[in-house]
Amino acid sequence: MNNRASFQYASRLVLQFLFLAAIFPFAKADTQYYKHTLFDNSLEPDAYYYSSGRASAPSALELIHGKLPVSRDLFYTPPNALRLKWRSVPDGGWEAGISAINFRNREIAFHGDTLFFWCFSAAGIPASSLPLIQVSDAGGNFSNSLPLEKFVASLAPGKWVQVQIPLDEFKTASIHELELQHVEKVVFVQNQSDGAEHTLIVDEFMIDDRLAAASAPAGTASSLPAPQNVRAKGYERHVDISWDSVNEAALERYVVYRSLDGSDFTPIGIQVPGVNRYADFLGKPGVSARYKVAASDHRYKLSPFSNEASAATKTLSDDELLTMLQEACFRYYWEGAHPISGMTLENIPGDDRIVATGASGFGIMALLVGVDRGFITREQGLERLTKIVTFIEKAPRYHGVWSHFMDGDSAKTLPVFGRFDNGGDLVETAFLMEGLLSARQYFNGPAVHEKDLFQRISHLWETVEWDWYRRSPQSDALYWHWSPEWSWHINHRLTGYNEAIIVYLLAIASPTHAVPAELYYSGWANQGEAGAKYRQGWSATHEGDRYVNGHSYYGIKLDVGVGSGGPLFFTHYSYMGFDARGIHDRFTDYFNDNQAIAKINLAYCIENPGHYQGYGANFWGLTASDGADGYMPHEPTPRMDDGTMTFTGALSSFPYTPQASMAAFKHIYRDLGDRAWGEYGPRDAINLSEDWVSPIFMGLNQAPITVMVENYRTGLIWKLFMSNPEIEPMLDRIGFKPGRVAVKSH
């Protein structure tokens, strides 16, 4: 979720956007894959969310909640396709659209001159009874209607046929020119009114060059080699299959095959190039399966099959389940990292250039857990950390502060949020430094490479000019952004309570560019008009607008925080390193305050005032994410709740609510795993009321799961971060004391 997210999510979006009006191969192929793929499969099992349809009587079109049904038995590439079932009658009409998934940072810009898709009819369909077809672009401009029979003959029963339509056949029927490279939607429209019922299965909508992607003649063999070293590992409800990368330009996808009887293999799923792993959810323990994998080229020709690998699901203890969860999320930062920089991609799938600074700090902490848990060796972890440090040493810095986003190849600043977002981001830098300081303490051995890494991280830490982001020596707060071109134009004052307490802690702790400890109370915990105005601006409430709250929600008193606590990432991001247990400032013990926020979130979801499907004691944890209708900082208020559940909410709250978090984890994995579990663990979010599953994993969301579960289990990252020699003196200067403090209502 980065990045329109966090208080980056809640406040950054609200305020900044106003201004912005291989065994462990790297995943770097999503961008190119989605330059050609408009539809391959549906994550939703019943109806494809990114589709639409409508019929006017007496014509009819089969729809589920206004969406096209998913065909799970018939498909061209596994595990599913889409079903068009219609009846065309005089004086009626129908239309059905299939849209490209517009995930975060995806540019709807296809490379190619021809629209391809596959179709199948069990009964056969005369050419004259096939529908018309249109396209529309990302700007809403639409084309004329073309008869499909112009491009495909009558469909013989039970045979897949690839349709090829040159894009220049589509002419604008809108008031503006149609931008064919930005086609966003394919629409089927009623044609001949023959009164008969027809069913057409459609799959694999691609835009590519005609000669490169046209289906090969029957009997043509692929030149791709078989994937090597296929491995399978069984967990409680799923099997994880992995293989070595096929490094060939012609590779378009991998196809995974499974046999439950040891002899008959059937295709169960595909994977994009660059991701050499697939999660097969079998649904229960005690299931044995065998697997093999083939590489598929642009023309859908398969390589020879790989070796076979077998595994069985088995009952796991709670500890084993947690290790499984941590390792799966860890892979996002190990296998899914940028290949040159080692930094964390903003989202997968996504734009493969964009690495996120704060998510990379989180990823560093996840890598430390990976080393400590034995997911990778200490040598591998040290090598990756050295790669990351080498990259950020050469990256542009703005008075020592890194930008929010960088190009993973060149380190160039990427203004993802608009022209003002082209300088230093203090919050992202603090998250990065939270991870680096933890790594400095972990890789603190006598070996030469570890000593070198320690010194290099220390230099990076000492050259962050926290005091510059005070704006002036008279300022009573820190500010989020500064740009050489736009200076302080974004003008985003850092004020709590949100996810950014770590900024003030590190700024006060700095051995070279420290700010006065008083800024913690005048900036972060400001109780004056400036703080109240800021908090009211994003929360629309007066409760907690003076930092201290003191109200009770569902019988749970909240010492500090705005309204009912806000999205749960407030309790995660800064506290992945900062161990707040057993200490308090003049306002509260923040571990207990965060625990109260989590418990309020749980109670709200149990009450479920919005009557959203699934909410309850094992399905809770509202926090920021990209939902079905775009970004929203979900929180336990009807105003900021649309039924989207972001899995990191409950799963990263293990230190605060271990029993409730475990109940949520078991439900997510055991009951929703066929939709929600993937190669990097739980997908970002789900909305059961909308029958929607997030198509992405987020760099900001997977690492907090790995790290906060580890803090619950062993306290590893807390111990590392807090062992930095600058931390305890900083807490003393602020006035943190041991024990708990009672807070009076304000």
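Predicted model: local features only at pLDDT ≥ 70, side-chain atom pairs only at ≥ 80, totals over all residues.
Let me begin with the pocket. The largest pocket holds about 1,100 Å³ of space, and its lining is made up of 42 residues, with S42, L43, P79, Y278 and D674 lying nearest the centre. If we sort that lining by class, we find 25 nonpolar residues, seven polar ones and ten charged ones. Several elements supply at least two lining residues each, among them helix 2 (30–33), strand 17 (277–281) and helix 14 (658–676), while strand 16 gives the most, with five residues.

One of the residues nearest the pocket centre, D674, also brings us to the second topic, as D674 forms a salt bridge with R675, where the closest N and O atoms are 3.8 Å apart. R675 itself counts as buried, at 18% relative accessibility.

Across the model the count comes to 29 salt bridges, and I would like to pick out a few of them. E710 pairs with R373, with 2.8 Å between the closest N and O atoms. Because E710 lies in helix 15 and R373 in helix 5, this pair ties together parts that are 337 residues apart in sequence. E710 is buried, at 1% relative accessibility, whereas R373 is partly exposed, at 29%.

Another salt bridge joins E308 and R290, at 2.8 Å from N to O; here E308 sits in the loop between strand 18 and strand 19, and R290 in strand 18, 18 residues apart.

Finally, D240, R277, R331 and E335 are linked with one another in a network of salt bridges.

Conventions:
Residues numbered from 1 in each chain as written. Heavy atoms only, no water. 1 Å grid on protein atoms, 1.4 Å probe; cavity = no way out; pocket = protein on both sides within 12 Å on 5 of 7 lines; lining within 4 Å. Points joined across faces, edges and corners; volume = space filled by probe spheres on them. Helix = DSSP H or I, 4+ residues; strand = E, 2+ residues; numbered from the N terminus. Nonpolar A, V, L, I, M, F, W, Y, C, P; charged D, E, K, R; others polar. Salt bridge = Lys/Arg side-chain N within 4 Å of Asp/Glu carboxyl O. Buried < 20%, exposed > 50% of the residue type's maximum accessible area, 1.4 Å probe, protein only.
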